[in-house]
Amino acid sequence: MQDRPVATAHTAGRPAAPASAALNRRAGGLGDGLGTALLRLGFLGLILIVWTALARAAPPGLFASPLAVARAGWMMAAEGRLAPALAASLTVYLAGTGIAVVVGCALGAAMGMSRTLARTIDIYVLALAATPRVAFIPLIIVALGLGLQAKVLIVFLGAVMPVILNAYAGVRAADAELVEMAIATGAGRGRVLAHVVLPGAVPYFIAGIRIGATIGLINTIVAELYTAISGLGGLLALYGSRFRMAEYLAVVVVLALIGAGVTEALRLVEKRLLRWREAG
Amino acid sequence: MTARLTLAGVSLAFAGAPVVQGIDLSVARGEVLVILGPSGCGKTSLLRLMAGLIRPDAGQVTLSGAPPRPGEGAAMVFQSYRLLPWKTVAQNVAFALPGRPAAEREARVAEVLRLVGLARVAGSFPAALSGGMKQRVALARALAPRPDFLLMDEPFAALDAQARELMQAELLRLVGATGGPGVVFVTHSVDEALVLGDRVVVLSPRPGRIVARIDVPFPVPRWQADPHDHPAYAELRHRLWQLLRDAVLKDPASDFHRPEG
């Protein structure tokens with residue numbers, strides 16, 4: 001697993017938890033759910049205090065206090081400025097990232113299964129992954145204009161690369177011993193793929209989707225700034241250029257909340273799909 | 001007709017290097033044949049040939065008259081268990097029963113899990129089981145499709161001494177039952193060979209050739225009478241040791257040296 005141990009405090013109290021879970025539990029100290037929540041709340045309080053202090057120290061008009069940001073956010077929501085922008089951004093984000101997940105997993109898995117396909121296209125995929133996707137924006141605008149399609153494509157191009165590369169790596173990392181076992185039971189290619197290769201690659205798929213979702217959100221804002229200005233990116237441009245820092249920061253907070261929400265949702269999916277690791 | 005697994009003049013090479021040469025073997029359903037040999041003598045390759053996973057370069061492998069095909073007639077049990085960690089115990093066993101009606105599959109899974117004494121952990125994931133339990137799940141998976149032969153590749157080598165003895169007795173009980181499958185059991189343990197085998201063949205180091213065939217005279221069923229106490233046990237054990245030792249010492253690639261230089 002690239003980023004996060006799957007066995008966490010949630011395994012506490014299970015009978016035959018593996019050693020890693022036992023270690024986490026011991027090292028966690030305040031590692032139960034309530035303890036984590038309290039620690040996180042405390043850290044949030046610290047951030048707010050530092051933020052307030054910085055806002056007081058900064059020259060007027062360059063920064064805004066958490067209270068001012070909350071007030072501005074509330075006003076924007078109440079006056080109906082926030083909801084349409086949020087909806088526009090989420091549409092671009094979810095469409096682009098969603099297509100990237102489907103296409104990326106399929107293409108990455110296909111590359112992992114077919115040596116010929118992998119040998120043929122992996123150099124192009126890697127080259128594309130290393131090229132700053134912003135470079136394609138003028139081309140995309142020429143081809144698709146400034147509307148929704150162009151924005152979705154920009155998000156897609158950013159999000160799809162880590163999904164492809166991780167799915168490819170995950171399928172290639174399939175356990176050869178388990179594959180041989182499956183073949184020895186008479187399983188054909190499809191059955192080996194569905195029961196052995198793909199389930200084993202799930203941690204890779206999720207790691208790729210997690211990175212892709214983050215890049216997708218970044219590219220959503222990039223797309224909204226570079227094409228027809230719209231959505232949350234549009235609000236950032238609007239308030240940023242007029243030094244309305246409270247509103248500007250309120251939009252930033254909304255973006256952070258979207259990022260946190262997506263990350264948490266993926267964590268729950270991962271926990272559900274990988275519950276077999278918890279020795280239940 | 002009793003099912004029979006036969007190797008006639010079988011040779012196999014990997015990348016030009018011979019692995020096994022001129023192997024003649026025959027096992028009938030209900031019989032336990034042990035293949036005893038040092039590491040790297042091609043024991044595992046023989047099992048893969050018998051399972052139909054690979055084809056010989058020369059000679060013939062037949063299962064009841066036809067070349068073996070994976071999943072048809074023979075089931076493998078591996079040293080490393082090879083359970084699918086994302087499937088429960090019951091799902092792992094059911095994996096060996098594709099394409100059957102759900103009710104029939106569930107009934108057979110429950111039946112073999114009862115047979116190996118694991119009915120109560122049917123819903124557990126492998127990560128929650130001990131090594132001995134995992135190997136019993138693997139055994140249940142192999143038995144589920146009612147194969148004519150079990151092909152077992154040092155299946156108990158990773159278990160502690162106690163679990164190993166219990167599993168040996170368990171295996172003899174399971175295959176000794178009426179209509180039990182034939183077993184080809186690969187091991188490098190002389191004791192395991194004598195406890196389990198009706199017949200033992202000894203292989204030389206790579207390229208593996210058969211250097212001895214021995215009929216084990218202990219009374220059956222052997223899971224009831226401990227063969228260790230049989231007068232012939234010590235003598236046979238010594239003979240097998242000698243054969244194995246000579247084979248290893250004759251091997252130019254061996255790290256061991258003859259005591260007399």
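Colleague: Among contacts in chain A between residues at least 6 apart in sequence, how many join residues at least 24 apart?

Modeller: The share is 72% of those contacts in chain A. The model is a predicted one.

Colleague: What are the distance and the crossing angle of the axes of helix 4 and helix 5 of chain A?

Modeller: The axes of helix 4 (residues 82–113) and helix 5 (residues 115–130) of chain A come within 6 Å and cross at roughly 125°.

Colleague: Why is helix 4 of chain A called oblique to helix 5 of chain A?

Modeller: Angles of 65 to 115 degrees count as roughly perpendicular and those over 145 as roughly antiparallel, with the rest, apart from those under 35, being oblique. The crossing angle is roughly 125°. Helix 4 of chain A is therefore oblique to helix 5 of chain A.

Colleague: Which residues make this contact?

Modeller: From helix 4 of chain A come Leu107(A), Ala110(A), Met111(A) and Met113(A). Helix 5 of chain A contributes Arg115(A), Leu117(A), Ala118(A), Ile121(A), Asp122(A) and Val125(A). By class, the contact of these two helices has eight nonpolar, two charged and no polar residues.

Colleague: How do you know that Glu79(A) and Arg81(A) meet in a salt bridge?

Modeller: The cut-off is a side-chain nitrogen of Lys or Arg within 4 Å of a carboxyl oxygen of Asp or Glu. For Glu79(A) and Arg81(A), the N to O value is 2.8 Å, and the pair is a salt bridge. Glu79(A), Arg81(A), Arg244(A) and Glu247(A) are linked in a network of salt bridges.

Colleague: Why is Glu79(A) called partly exposed?

Modeller: Buried means under 20% relative accessible area and exposed means over 50%, with partly exposed in between. Glu79(A) has a relative accessible area of 48%, so it is partly exposed. Arg81(A), with 26%, is partly exposed as well.

Colleague: What does the salt bridge of Glu270(A) and Arg210(A) tie together?

Modeller: The closest N and O atoms of Glu270(A) and Arg210(A) are 2.8 Å apart. Glu270(A) lies in helix 11 (residues 245–273) of chain A and Arg210(A) in helix 9 (residues 189–226) of chain A, so the pair ties together parts that are 60 residues apart in sequence. Both Glu270(A) and Arg210(A) are buried.

Colleague: Where in chain B do Arg237(B) and Asp191(B) lie?

Modeller: Arg237(B) lies in helix 7 (residues 231–250) of chain B and Asp191(B) in helix 6 (residues 190–196) of chain B, so parts 46 residues apart in sequence are tied together by the pair. Their side chains meet in a salt bridge (2.8 Å, N to O). At 28% relative accessibility, Arg237(B) counts as partly exposed, and Asp191(B), with a relative accessible area of 25%, is also partly exposed.

Colleague: How many salt bridges does the rule find across the interface of chain A and chain B?

Modeller: Three salt bridges are found across that interface, and the count over all chains comes to 15. Glu180(A) forms a salt bridge with Arg48(B), the closest N and O atoms being 2.5 Å apart.

Colleague: What area do chain A and chain B bury between them?

Modeller: They bury about 2000 Å², 67% of it on carbon and sulfur atoms. In chain A, Glu180(A), Met181(A) and Trp276(A) lose the most area to chain B, together 30% of what that side buries. The contact takes 20 residues from chain A and 23 residues from chain B.

Colleague: Is Arg82(B) buried or exposed?

Modeller: The limit for buried is under 20%. Arg82(B) has a relative accessible area of 11% and is therefore buried. This residue is found in the loop between strand 5 (74–78) and helix 2 (89–94) of chain B. Arg82(B) has a positive phi of about 55° although it is not a glycine.

Colleague: Is Arg146(B) buried or exposed?

Modeller: Exposed means over 50%. With a relative accessible area of 55%, Arg146(B) is therefore exposed. Arg146(B), not a glycine, has a positive phi of about 50°. Its place is in the loop between helix 4 (131–143) and strand 6 (149–153) of chain B.

Colleague: Which peptide bond joins Arg206(B) and Pro207(B)?

Modeller: A cis peptide bond joins them, with omega about 0°. Pro207(B) is found in the loop between strand 8 (199–203) and strand 9 (210–215) of chain B.

Note on methods: Residues are numbered from 1 along each chain as its sequence is written. Chains are lettered from A and ligands numbered from 1 in the order in which they are written. This is a predicted model: local features need pLDDT of at least 70, side-chain atom pairs count only at pLDDT 80 or more; totals for chains, interfaces and linings use all residues. Side-chain values use heavy atoms; hydrogens and water are left out. Axes are lines fitted to C-alpha atoms, for helices over the stretch in contact, and angles run from 0 to 180 degrees between N-to-C directions. Helices (H or I, at least four residues) and strands (E, at least two) are DSSP runs, numbered from the N terminus. Contact means heavy atoms within 4.5 Å. Ala, Val, Leu, Ile, Met, Phe, Trp, Tyr, Cys and Pro count as nonpolar, Asp, Glu, Lys and Arg as charged, and the others, Gly among them, as polar. Buried means under 20% relative accessible area, exposed over 50%, partly exposed in between (1.4 Å probe, protein chains only). Buried area is the accessible area (1.4 Å probe) that two parts lose on being put together, summed over both.
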